[in-house]
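Subject: Structure handover and notes

Hello,

Please find the structure below, with notes on what came out of the analysis. Kindly read the notes with the coordinates open.

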Amino acid sequence: MGEDKYFLGVDVGSVSTNIVLLRPNNTLKEALYLRTQGRPMQTVQEGIKLLRSKIGNSAEIIGVGATGSARQLAATLLGADVVKNEITAHAVAASRVNPEVQTILEIGGQDSKIIILRDGVVSDFAMNTVCAAGTGSFLDQQAARLGIPIEEFGPLALQAKHPVQIAGRCSVFAESDMIHKQQLGHSLPDILAGLCQAMVRNYLNNVGKNKDIRGPIFFQGGVAANPGIRKAFEVELGQPVIVPEHYGVMGALGAAYLAQERVGTQGETGTKFRGLHLGETQFQAKSFECSGCANHCEVVEIQQEGISLARWGDRCGKWSNATTVVTGISSRESERQGA
């Protein structure tokens, strides 16, 4: 029966939603990559439906972990046992793969981060701020503009003989520079390699600024699939950069490991998971502005078939701490509705 037990890890980001099933023996059963497309709630449900079609109704989820920018939403829908930020999730996954890892370079669809570990503990980290230059979505845009599949971007960059200089500090300037280099007659591989180098310089000068980057170095996130970026990192850093086997779902994998730590290797303490049927459950999301004080907080509420599951967004806890009752209307909500 142990083969039918799994830990579920979910990483919901702005571009992608990654879902993994981890066996108690730490081998991966399933790994799903779904486009979030601005619909995190529906995407999580679609992912659970897909998982159920793969593993059947007899499978047992014995622990659930959630991470990512929409982790609070995902945790509410799933009934997660543990909710952690992406920094922790990525660090846990990398440390499980290689306990000696000291630096994690992570680049996703719209964000990037660096995590510094010492003796298996996060000692420092940084994330990109307002600009998405150097992230996966920017690479997708440039590949589409150049008329090449994103899968060919990296291999083409590796064919470069003389990579061109491209301004990488801003996505607008980088695109203008690329167009100018094309008009001058530079080859496509040289332009792509130049863009990879510019992206890496931008990352190291911003996200990695003043960081003590030591090996072993892991490269994680969807952009790690691009061998051109990996090579550019190795050239700039002067040391090997390792792309782990499950580089694209390391956040979700870390969430599954954290769930395992919370409930036990065989789910001894029990799980709050709502069940594989939640793909067919009706969830509703709504929001309102609280007029209780000058903050005017925007409060988000998640309901399941009319029953309030969770609220967040308030600074004082007036709504998020309210007690949900069977009817789905708490004393706080009754107060808001003027009951």
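Helices (H or I, at least four residues) and strands (E, at least two) are DSSP runs, numbered from the N terminus. By that scheme, glutamate 30 lies in strand β3, residues 28-35. This is a predicted model, in which local features need a pLDDT of at least 70, side-chain atom pairs count only at pLDDT 80 or more, and totals for chains, interfaces and linings use all residues. Residues are numbered from 1 along each chain as its sequence is written, and side-chain values use heavy atoms, with hydrogens and water left out.

Confidence

pLDDT is the predictor's confidence in each residue, from 0 to 100. The protein averages 83, and 91% of the residues score at least 70. The highest confidence is in β9, at a mean of 96, and the lowest in helix α10 (residues 331-337), at 38. Residues 323-339 have a pLDDT below 50; beyond near neighbours in sequence, this stretch has 31 contacts in the model. Contact here means heavy atoms within 4.5 Å.

Buried means under 20% relative accessible area, exposed over 50%, and partly exposed in between (1.4 Å probe, protein chains only). A salt bridge is a side-chain nitrogen of Lys or Arg within 4 Å of a carboxyl oxygen of Asp or Glu. For charge, Lys and Arg count as positive and Asp and Glu as negative, while His and the chain ends are not counted.

Glutamate 30 is buried and has no salt bridge; lysine 54, the nearest side chain of opposite charge, is 4.1 Å away. Leaving out residues up to four places away in sequence, glutamate 30 touches Ile19, Val20, Leu21, Leu51, Lys54 and Ile55.

Aspartate 11, in strand β1 (residues 5-12), is also buried with no salt bridge, and the nearest side chain of opposite charge is lysine 113 at 7.0 Å. With residues up to four places away again left out, the contacts of aspartate 11 include Ser16, Thr17, Asn18, His90 and Ala252.

Salt bridges

The count of salt bridges comes to nine. Lysine 113 is itself in one of them, with glutamate 106, the closest N and O atoms being 2.8 Å apart. Lysine 113 is buried, because its relative accessible area is 2%; glutamate 106 has 5%, so this residue counts as buried too.

Arginine 39 and glutamate 46 meet in a salt bridge at 3.2 Å, N to O. Arginine 39 is partly exposed at 32% relative accessibility, and glutamate 46 is partly exposed at 39%. Aspartate 212 and arginine 214 meet at 2.7 Å, N to O. Aspartate 212, with a relative accessible area of 39%, is partly exposed, as is arginine 214 with 40%. Arg118, Asp212 and Arg214 are linked in a network of salt bridges.

Nonpolar cores

A nonpolar core is a set of buried Ala, Val, Leu, Ile, Met, Phe, Trp, Tyr and Cys residues joined through side-chain atoms within 4.5 Å. The largest has 39 residues, of which Leu195, Phe219, Ile229 and Phe233 touch the most other members. Elements giving two or more residues to this core include β6 (103-107), α4, α7 (188-206), β9 (217-220) and α8 (227-237). The most come from α7, with 10 residues. Beyond four places in sequence, the contacts of phenylalanine 219 include Leu105, Ile107, Ile229, Phe233 and Tyr247. Another core lies apart from this one; its 31 residues include Val44, Ile48, Leu51 and Ile55.

Helix α4

Alanine 143 sits in helix α4, residues 136-146. Its relative accessibility is 2%, so alanine 143 counts as buried. Other buried residues of α4 include Phe138, Leu139 and Leu146. Alanine 143 and phenylalanine 153 are 10 residues apart along the chain, and their C-alpha atoms are separated by 6.8 Å. Just after α4, glycine 147 takes a positive phi of about 75°.

Two strands pair if DSSP finds at least two bridges between them. Strand β10 (residues 283-289) runs antiparallel to β11, with seven bridges; glutamine 284 stands opposite glutamine 303 in β11. Five bridges join β11 (residues 298-304) to β12 (residues 307-312), also antiparallel. Glutamate 301 has arginine 311 in β12 as its bridge partner. The β11-β12 hairpin has two residues between its strands, and glutamate 305 in the turn has a positive phi of about 50°.

Regards
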